[in-house]
Amino acid sequence: MQQLTKSRLLELEEDFKEYQQVNYNIAVRVVSLEHPWTESDSNIGGGSSGIIIKPQEILVIKKDEDKELQRLFKLKSDCERAINKMSDEQLLMYNMRFANSDYLGWQEVADRLNYSIAGIYKKRYRLLELLAIEKGLISVEKNV
């Protein structure tokens, strides 16, 4: 299995942090696509277009082609799959670090769980590795 670099581990932590607000961010993005800001039109009584417009279809296409919205959906599904694969201990660590309103650092998580700093960082690596696997950043080698 490939090793994760320090910078990649920090990116994965940022993904878990962003996941805490992902539903809100998705909703904001959808609203901005459904109700885009447009400059007021001073052309009163202008001609009509010869194009038949189906607003629902146009909106679906906009959502499907919006890179930011698709990135948020992928982030949400990747994080959910990783969380579903966490052990009870990893889930406790995840909740303490990312889902807790106190936003505990790894030192505080280690103190509360009675782990050494080295021990908590090994466990952190395994926790973030789950997300890396779900994102396709590393692959799992299966022993046959």
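**Exercise 1. How many helices and how many strands does the secondary structure of the chain come to?**

Solution. The model is predicted: local features need pLDDT of at least 70, side-chain atom pairs count only at pLDDT 80 or more, and totals for chains, interfaces and linings use all residues. Residues are numbered from 1 along each chain as its sequence is written, and side-chain values use heavy atoms, with hydrogens and water left out.

Step 1. Helices (H or I, at least four residues) and strands (E, at least two) are DSSP runs, numbered from the N terminus.
Step 2. The chain has seven helices and zero strands.
Step 3. Along the sequence this reads α-α-α-α-α-α-α.

**Exercise 2. Describe burial and contacts in the chain as a whole.**

Solution. 
Step 1. Buried means under 20% relative accessible area, exposed over 50%, and partly exposed in between (1.4 Å probe, protein chains only). Of the 144 residues, 30% count as buried.
Step 2. Contact means heavy atoms within 4.5 Å. Among contacts between residues at least 6 apart in sequence, 74% join residues at least 24 apart.

**Exercise 3. Which residues touch the most other members of the largest nonpolar core?**

Solution. 
Step 1. A nonpolar core is a set of buried Ala, Val, Leu, Ile, Met, Phe, Trp, Tyr and Cys residues joined through side-chain atoms within 4.5 Å.
Step 2. The largest such core has 32 residues, and Leu4, Phe16, Met86, Tyr94, Val109 and Leu127 touch the most other members.
Step 3. Two or more residues each come from H1 (6–19), H2 (22–34), H4 (67–84), H5 (88–99), H6 (106–113) and H7 (117–135). H7 gives the most, with seven residues.
Step 4. Take Phe16: not counting residues up to four places away in sequence, Phe16 touches Cys79, Ala82, Ile83, Met86, Tyr94, Phe98, Leu127, Leu128 and Leu131.

**Exercise 4. Repeat the description for H2 and H3.**

Solution. 
Step 1. The axes of H2 and H3 (residues 55–65) come within 10 Å and cross at roughly 135°, which makes H2 oblique to H3.
Step 2. Val30, Leu33 and Glu34 of H2 make the contact with Leu59, Lys62 and Lys63 of H3.

**Exercise 5. Is Tyr125 buried or exposed?**

Solution. 
Step 1. Tyr125 is in H7 and has 13% relative accessibility, so Tyr125 counts as buried.
Step 2. Leaving aside neighbours within four places in sequence, Tyr125 is in contact with Gln2, Gln3, Leu4 and Leu9.
Step 3. Tyr125 and Leu4 are 121 residues apart in sequence, and their C-alpha atoms are 8.3 Å apart in space.

**Exercise 6. Where does Asn114 lie?**

Solution. 
Step 1. Asn114 is in the loop between H6 and H7.
Step 2. With a relative accessible area of 70%, Asn114 is exposed.
Step 3. Most residues other than glycine have a negative phi. Asn114 is not a glycine, yet has a positive phi of about 60°.

Key
Axes are lines fitted to C-alpha atoms, for helices over the stretch in contact, and angles run from 0 to 180 degrees between N-to-C directions. Angles under 35 degrees count as roughly parallel, over 145 as roughly antiparallel, 65 to 115 as roughly perpendicular and the rest as oblique.
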